[in-house]
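I opened a new page for this structure. My notes follow in the order in which I looked things up.

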Amino acid sequence: MTQDRASLRRELRQRRRGLPAAARIAGAEALAARILALPFLPREGYVAGYWALDGEIGLHVLQLRLPPGLVYCLPLLHGDDQLRFAPWRPGDPLVTNRFGIPEPDVEPASGLPAEALAMAVMPLVGFDDAGRRLGMGGGWYDRAFAFRQRRAAPPWLVGAAFAAQQVPALDAAGWDVLPDAICTENATFLPRREPRSEPA
């Protein structure tokens with residue numbers, strides 16, 4: 001498979017869009033069960049999800065099944081290049097950001113910084129079983145969670161995708177933030193991490 005990221009994104013987005021409705025519904029159910037079974041699932045705090053678009057695997061089942069101590073959040077675009085997060089429940093007002101993605105109707109500056117989260121579930125365009133991820137290319141999650149390259153969780157980072165989005169191998173860029181787990185409807189990948197040395 002090509003390592004040209006733009007071509008790979010187009011191919012994998014088309015692949016996930018082509019999944020039938022029944023596979024999407026079952027996939028959301030199975031994904032929720034896998035995420036809720038993660039060994040590091042927090043007992044309390046804020047859990048960021050996303051609004052599924054463009055064929056992404058849905059998190060609506062996960063949101064409804066979160067334990068009582070966990071508060072579901074959606075991302076907010078803050079400033080030119082930052083993500084913040086705000087609690088959201090079905091029925092709460094939404095606005096559409098400049099990319100056409102619904103987000104909570106709150107002032108972005110009032111949102112939670114990434115460091116305040118207990119866990120974040122990130123949408124993936126592609127992934128491999130070593131835990132390398134391919135996002136949409138804007139770098140939003142890599143910037144928001146760049147501090148995780150220097151320190152351990154929390155927040156725990158979980159990539160979510162359909163199994164059809166797996167590729168044999170991805171090249172890693174220096175700015176890539178690797179998830180602690182990747183969950184699909186069929187499998188959970190818990191890649192081993194090499195310890196990072198702290199800068200002197």
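I take contact to mean heavy atoms within 4.5 Å. The model is predicted, so I note that local features need pLDDT of at least 70, side-chain atom pairs count only at pLDDT 80 or more, and totals for chains, interfaces and linings use all residues. Residues are numbered from 1 along each chain as its sequence is written, and side-chain values use heavy atoms, with hydrogens and water left out.

Entry one: confidence. pLDDT is the predictor's confidence in each residue, from 0 to 100. I find an average of 86 for the protein chain, with 92% of the residues at 70 or higher. Over residues 195-200 the pLDDT stays under 50, and there the model has 2 contacts beyond four places in sequence.

Entry two: threonine 184. I located threonine 184 in the loop between strand E10 (181-183) and strand E11 (188-189); strands are DSSP runs of at least two residues, numbered from the N terminus. Threonine 184 counts as buried because its relative accessibility is 1%, where buried means under 20% relative accessible area with a 1.4 Å probe, protein chains only. Leaving out residues up to four places away in sequence, threonine 184 touches Leu31, Arg34, Phe127, Ala161, Phe162, Ala163 and Phe189.

A nonpolar core is a set of buried Ala, Val, Leu, Ile, Met, Phe, Trp, Tyr and Cys residues joined through side-chain atoms within 4.5 Å. The largest has 42 residues, and Met119 is among those with the most contacts inside it. Strand E2 (residues 70-78) gives the most to this core, 5 residues. I also noted a second, separate core of 6 residues, including Leu8 and Val125.

Definitions and conventions: Helices (H or I, at least four residues) and strands (E, at least two) are DSSP runs, numbered from the N terminus. Buried means under 20% relative accessible area, exposed over 50%, partly exposed in between (1.4 Å probe, protein chains only).
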